[in-house]
Amino acid sequence: MAKPRRVLKAAPAGEVLRSLSVMARRGAAEMDLFADKMPARVEPCLALLKPKPPVGPDWLFEVKWDGYRLAVHRDDRGTRVITRGGFDWTDRFPSIAAAARELDASSFILDGEAVVLDEAGRADFGLLQQALGGRGGKLHAERAMLYAFDLLYLNGLDLRRMALTERRHMLEDLIDHESGYLRLSEEVEADGAEFLASACRFGLEGIIAKRRDAPYRSGRGGDWLKIKCVQSDTFLIIGYEPSTAALGGIGRLLLAAHGNYGLAYIGSVGTGFTHASATALRKQLDRIKAATPSARGVSKKGVVWVKPKLAAEIAYRGWTHDDKLRHASFKGLREKADEAKVYRVD
């Protein structure tokens, strides 16, 4: 038996949103009179990094998924999978696109994260990179699934002006299963600090906190917060130390961040590689060699310098007293289509 649709009441400025059940009973021509135009693209709402979870009933919590942010669009033109940078990657995520075509709605925009899970059920960014064929790869990631955490448009209604709790109710009605390639990112009923501790014990990247009554606002405005178990940011590769003993011939990668006067050296990373990822990475680096370092604050012998064209996602435990990464680990390369922002230091 189908779930009854919720009736949506007063929106800001006195505007009334008609319920989907009422809209469904109208004829197609009449529905068009009341329909909101479906946006071609929505800039995502981004989470602001905080050191600890907020407290109080105004916040709900979810797992922080470690993957690629995607928007899934469906209308009378078909189904499209759009990256955060605005690239159409429908063919790169065929299983997600196929699952979206099975949803019982004529039009929608889903906001979510594409992931590949490891054997313990944790999202693994490196496995997702492998499924896509690495940075610049052209493989189809059949293993990737989407954890949907927001619904921005549904059957002719733009839902962004509604409160998050109302959007989530409608998302739960649309995606009512916990398996397959399109899943609901569940709201966790827990104290934020306790949930963060549990997430860290399980080896997750962290948690997300969201204001229950907030509309969907693009950008990093503070309605969504991210609290991490381990820091993870994007840095540019400026060189590598060759090694005959290390995996793929890479002993360490030298990294840089944006600074006030150009690129600034922030340390190196020598763990987190597999033989396959290191071998593929060295081939890419050897195609962009440079004569001198592109960042200030670094002077090392025996380094192969490269142009700062490749962005790497790096997990780390903090910073040393001289502003270098502490306990860094390589997670994978970032795609241009993912529009990850390179870290900036003062």
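Me: What do the buried residues of α6 pack against?

Reply: They pack against β2 (59-63), β9 (206-211) and β10 (224-228). Packing here rests on contact, meaning heavy atoms within 4.5 Å. The helix and strand names are DSSP runs, numbered from the N terminus: H or I for helices (at least four residues), E for strands (at least two). Bear in mind that this is a predicted model, where local features need pLDDT of at least 70 and side-chain atom pairs pLDDT 80 or more, while totals for chains, interfaces and linings use all residues. Residues are numbered from 1 along each chain as its sequence is written, and side-chain values use heavy atoms, without hydrogens and water.

Me: Which residues of α6 are buried, and why do you say they line one face?

Reply: In α6 (residues 192-201) they are G192, F195, L196 and A199. Looking down the axis, these buried residues fall within an arc of 100° (taken from the directions from the helix axis to the C-beta atoms), so they line one face of the helix. E194 and R201, on the other side of α6, are exposed.

Me: What caps the N-terminal end of α6?

Reply: D191 does, with a side-chain oxygen 3.1 Å from the backbone nitrogen of A193.

Me: What makes C200 and C229 a disulfide?

Reply: The cut-off is two cysteine sulfur atoms within 2.5 Å, and these two are 2.1 Å apart, so the pair qualifies. C200 lies in helix α6 and C229 in the loop between β10 and β11 (231-242), so the link ties together parts that are 29 residues apart in sequence. The structure holds one disulfide. With -95° about the S-S bond, the link is left-handed.

Me: Why is the pair of W65 and Y147 called stacked?

Reply: Rings of Phe, Tyr and Trp (its six-membered ring) pair if their centres lie within 6.5 Å; planes under 30 degrees apart are stacked, over 60 edge-to-face, and the rest tilted. W65 and Y147 sit 3.8 Å centre to centre with 10° between the planes, so they are stacked. W65 is in the loop between β2 and β3 (68-75) and Y147 in strand β6 (residues 145-154), 82 residues apart.

Me: What makes W89 and F93 a tilted pair, then?

Reply: Their planes are at 35° and their centres 6.2 Å apart, so "tilted" is the word. Y68, W89, F93 and F125 form one aromatic cluster.

Me: How do you know what sits over the ring of W224?

Reply: The test is NZ of Lys or CZ of Arg within 6 Å of the ring centre and within 35 degrees of the ring normal. The charged end of K210 passes, at 3.9 Å from the centre of the W224 ring. R92 lies over the face of W89 too, 4.5 Å from the ring centre.

Key: Buried means under 20% relative accessible area, exposed over 50%, partly exposed in between (1.4 Å probe, protein chains only). A polar contact is a pair of N or O atoms within 3.5 Å; within protein, one must be able to donate a hydrogen and the other to accept it, and residues adjacent in sequence count only if both atoms are side-chain atoms.
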